[in-house]
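Please have the sequence and structure open while reading.

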Amino acid sequence: MPADVIIGGQWGDEGKGKLVDLLAKDYSAVVRFSGGNNAGHTVINEYGKFKLHLIPSGILHSKVTCVIGNGCVIDPNILIEEIKNLKESGVAISSENLIISDKAHIILPRHIEKDLAQEKARADFKIGTTGRGIGPAYMDKVGRSGVRMESLHKWPKWSAKLGKYIKSTEKILRDILNNGENIMLEGAQGALLDIDHGSYPYVTSSNSTIGGALTGTGLIPADFRDILGVFKAYTTRVGEGPFPTEINQLDKIGKHLVEKGKEFGTTTGRERRCGWFDIESAKHSIMINGFNKIAIMKLDVLDGIEKLKVHMGDVSEGAPTSKYETITGWKESTFGITKYEDLPNNAKIYLKFLEESLNTKICIISTGPERDQTIHI
Ligand code: GTP
Ligand code: IMP
Ligand code: MG
């Protein structure tokens, strides 16, 4: 049976956590394949509000096995804390439903120190990392001086708490597929933060795109069925780096997006930079990932904006200028709408415009942070 992949199409925080939690019931396993606790997913469902960083967002489904794949980097202190917090919220976690790859690399305290020191040294050219030691941990991995989870037994404090979850995960995943069951791969960050295909050097240190889903799990291309790209109905970015459609945060619309979208980082609390939807970069994400379907999240955040702009690309006659299309917005609330036909006409026009410009089917529209505030098409 197949593996479906969920990948952020922008600069992260598209709402992958909500989607994974929503869809996980149809899968036997949910697997993280890249990144570490730089990620932050907010999941709101009938059990409450959860902030997850390392543990896959499928953990709130009792029958789903959650796997932290070999492509991830793990800060044991954060993982121990996350397990504790989830257990205190009533979520059952055992070595049956949480498995950590023995080949995932450990983020050590020295990696965090180095991350912070490097950022300080970069001064005006800083990347705006999350300060969680991600880059230096991956540097050690690639430099062949990293420490993998299989060596955790050398740290009694950590191995006592995490040892039972550590296994070789490639074979476990293969057996699940051979057994006729489905696997979901949960991307972290977004395609434009990918170390190779993103806005280098303002990127994270792993492959957050489809290639990472292969190398970060040991699955093979023939296993993949759907590759679902997740986009916000607008764009956000945390940290430094180019952002062609950015809107000044002090501008009326900039403020609207930050406040209505609650655009503050789940991991660092930093205010996210906000801007218009960017067709050009979305097409790039679709091309490098092979998205065959897309989800548009946070449509409700655009309610009440009179004129919506969409960046189509740059025209370079003489000095390059950005080309925008303007689409009339809608006054009505879309919050919580669950049927496509109930959307305001202008919202339908906006969505159709995105779908046609991207030449990729929109299969899910999200109209609020909760599981059921979703339109399936
Ligand atoms: P990373 O893995 O860190 O890239 O994050 P993510 O893609 O899981 O997204 P994150 O949870 O950081 O950010 C999305 C935020 O939007 C969360 O606070 C969600 O609760 C919220 N959210 C998701 N979908 C919707 C929606 O349709 N409408 C509104 N208003 N909020 C939403
Ligand atoms: P790092 O991954 O901590 O090294 O940060 C590198 C860049 O990726 C910075 O711009 C971060 O803000 C950004 N980043 C890393 N993880 C996330 C995420 O989960 N959501 C949004 N941005 C992220
Ligand atoms: Mg996030």
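How many nonpolar, polar and charged residues does the shell around ligand 2 have? The shell has six nonpolar, eight polar and two charged residues; Ala, Val, Leu, Ile, Met, Phe, Trp, Tyr, Cys and Pro count as nonpolar, Asp, Glu, Lys and Arg as charged, and the others, Gly among them, as polar.

This is a predicted model, in which local features need pLDDT of at least 70 and side-chain atom pairs pLDDT 80 or more, while totals for chains, interfaces and linings use all residues. Residues are numbered from 1 along each chain as written, chains are lettered from A and ligands numbered from 1 in written order, and side-chain values use heavy atoms, without hydrogens and water.

**Ligand 2**
- Around ligand 2 there are 16 residues (a heavy atom within 4 Å), and Asn38, Thr130, Thr204, Val238 and Arg270 come nearest.
- Polar contacts with the ligand are pairs of N or O atoms within 3.5 Å.
- Thr130 places a polar side-chain atom 2.6 Å from a ligand oxygen, and Asp13 places one 3.2 Å from a ligand nitrogen.
- Gly128 contributes a polar backbone atom, 3.3 Å from an oxygen of ligand 2.
- Taken alone, ligand 2 exposes 470 Å², of which the protein buries 97% (Shrake-Rupley method, 1.4 Å probe).

**Strand S2**
- In S2 (residues 29-32), Ala29 and Val31 point one way and Val30 and Arg32 the other.
- All four of these residues are buried (under 20% relative accessible area, 1.4 Å probe, protein chains only).
- Strands are DSSP runs (E, at least two residues), numbered from the N terminus.

**Partners of S2**
- S2 runs parallel to S5 (residues 65-68), joined by four bridges (pairing needs at least two DSSP bridges), with Arg32 opposite Ile68.
- S10 (residues 183-186) also pairs with S2 in the parallel sense, over four bridges, and here Ala29 stands opposite Ile183.

Key. Polar contact = N/O pair within 3.5 Å; in protein donor to acceptor, adjacent residues only side chain to side chain. Buried < 20%, exposed > 50% of the residue type's maximum accessible area, 1.4 Å probe, protein only.
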